[in-house]
Amino acid sequence: MKWRDWDVNLKVRLIGEGVFNILFWMFFPFMAIYFSDHFGQEMSGYLLIFSQIIGTVIGLFGGYCADHFGRKRMMVFAAIGQTVCFAFFAWANSPWFVSPWVTFISFSLLGLFGQLYWPASSAMIADVVPEKHRAGVFAVFYTSINVTVVIGPLLGAIFFFDNRFAFLSVCTVVSAGLIWALQHWIHETVPQTVQPSNDTDSRKGWTQHLKNQLSDYRVIFTDHIFLLYILAGVLVAQTFMQLDLLIAVYTTNKVPLQSLLSFGDWKFMVSGKDLFSMMVSMNGLCVSLLTVLVTKWMTKFREGNVFMSSAFCYGIAMILMGSTLNVWLLLCGVVLFSWAELMTVGVQDSFIAKLAPENLRGQYFAAAGLRFSLGRTIAPIAIPMTVWFGYTWTFVVLGTVAFLGMIIYGLMFSIFYRRQAPVSGQTESL
């Protein structure tokens with residue numbers, strides 16, 4: 001599908017959200033560092049866990065709001081909320097007023113409004129793009145996000161620590177511009193359906209929605225293979241969720257200023273903050289450039305081997321990064337970390353589709369999201385763990401957790417392949 005054939009909604013959003021995502025990634029990777037500096041590592045971990053729990057709960061309602069109140073309306077509402085949050089974010093880091101608590105509240109609310117925005121955003125793509133072109137358009141938006149992951153942290157290392165108020169003020173202005181663009185340049189795309197006409201029906205709708213969500217997640221407990229898949233996914237998530245948490249704090253606090261490259265008397269020096277920005281950008285660059293290529297390669301192998309190998313690479317990468325302060329070894333660690341991510345990023349959804357009965361496929365995909373929501377909720381505990389056990393042992397524990405996920409994947413796929421064997425045998429005999 002060529003650019004000139006895109007709906008105006010998609011063109012406006014791709015550009016507007018691209019700029020917004022660059023600004024988002026200019027501060028998001030550094031928030032764990034900010035909270036650790038102001039609240040201490042243990043307290044910052046608890047605060048981030050609390051923020052993620054609230055975000056997970058709000059996420060249950062994001063799709064419902066997009067379907068019942070409209071895509072455009074929810075996107076504009078969320079953008080207004082994000083603009084207000086950015087304004088308070090900037091105010092709490094201004095020359096006249098400094099408040100880590102207001103910063104935390106603003107940061108948490110930004111995440112909540114994001115949970116309301118993105119379901120409507122994704123649904124709008126499905127609304128305006130023909131089915132045969134959806135994968136390509138989704139891929140463009142996915143690639144756009146990963147490009148911003150590369151650019152944002154590099155710029156953030158310059159502006160977030162030294163020019164925070166000016167930077168956050170720009171974020172506020174850009175968010176306000178996004179509101180204007182959404183309000184004036186995009187149109188509503190939600191299918192015309194009968195909506196509740198009074199408050200009583202609306203309350204029943206929210207109640208029914210919550211019941212439906214709980215019913216969707218209940219499928220986990222009726223399929224042992226899927227339960228093991230979720231469990232292994234949550235365990236492995238404790239590693240790849242650490243890029244913006246433990247790895248951020250570790251590289252910033254522990255990695256000393258050292259030479260990355262030298263030629264004669266010339267040296268390119270890198271601090272811990274600079275190294276972390278490079279690591280995040282390298283991860284984003286690998287995912288942006290190699291996802292399609294690696295996915296095509298991984299489809300040639302059995303899924304069990306792919307998932308187990310990915311978990312093993314995550315574990316080795318965590319142990320490697322936690323055992324060194326050398327910039328080159330840390331960069332090698334993040335390359336291995338990125339390779340582990342690339343191995344499964346393209347095959348996860350296809351495996352879920354294979355595992356799920358056709359009449360329950362939607363519920364399986366919804367429940368599969370628990371790997372990330374639960375993983376994201378638990379992951380910040382790694383920061384206070386550094387106070388209890390030290391950095392090295394925290395990385396070792398997380399690596400061991402990834403190995404445990406690998407073992408569970410092995411058990412799950414052994415059951416899965418045994419379940420498939422009788423079917424294959426019957427097919428061959430026919």
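In which hand does H2 pass H10, left-handed or right-handed?

1. This is a predicted model, in which local features need pLDDT of at least 70, side-chain atom pairs count only at pLDDT 80 or more, and totals for chains, interfaces and linings use all residues. Residues are numbered from 1 along each chain as its sequence is written, and side-chain values use heavy atoms, without hydrogens and water.

2. H2 passes H10 in a right-handed crossing (the near helix is turned clockwise from the far one by less than a right angle). Helices are DSSP runs of H or I with at least four residues, numbered from the N terminus. The axes of H2 (residues 31-39) and H10 (residues 246-254) come within 8 Å and cross at roughly 65°; axes are lines fitted to C-alpha atoms over the stretch in contact, with angles from 0 to 180 degrees between N-to-C directions.

3. Ala32, Ile33, Ser36 and Asp37 of H2 make the contact with Ala248, Val249, Thr252 and Asn253 of H10 (heavy atoms within 4.5 Å). By type these residues are four nonpolar, three polar and one charged.

4. The structure holds one salt bridge (a side-chain nitrogen of Lys or Arg within 4 Å of a carboxyl oxygen of Asp or Glu). Glu17 and Arg13 form a salt bridge at 2.8 Å, N to O. Because they lie four residues apart in helix H1 (residues 8-27), Glu17 and Arg13 are separated by about one helical turn.

Terms used: Helices (H or I, at least four residues) and strands (E, at least two) are DSSP runs, numbered from the N terminus. Ala, Val, Leu, Ile, Met, Phe, Trp, Tyr, Cys and Pro count as nonpolar, Asp, Glu, Lys and Arg as charged, and the others, Gly among them, as polar.
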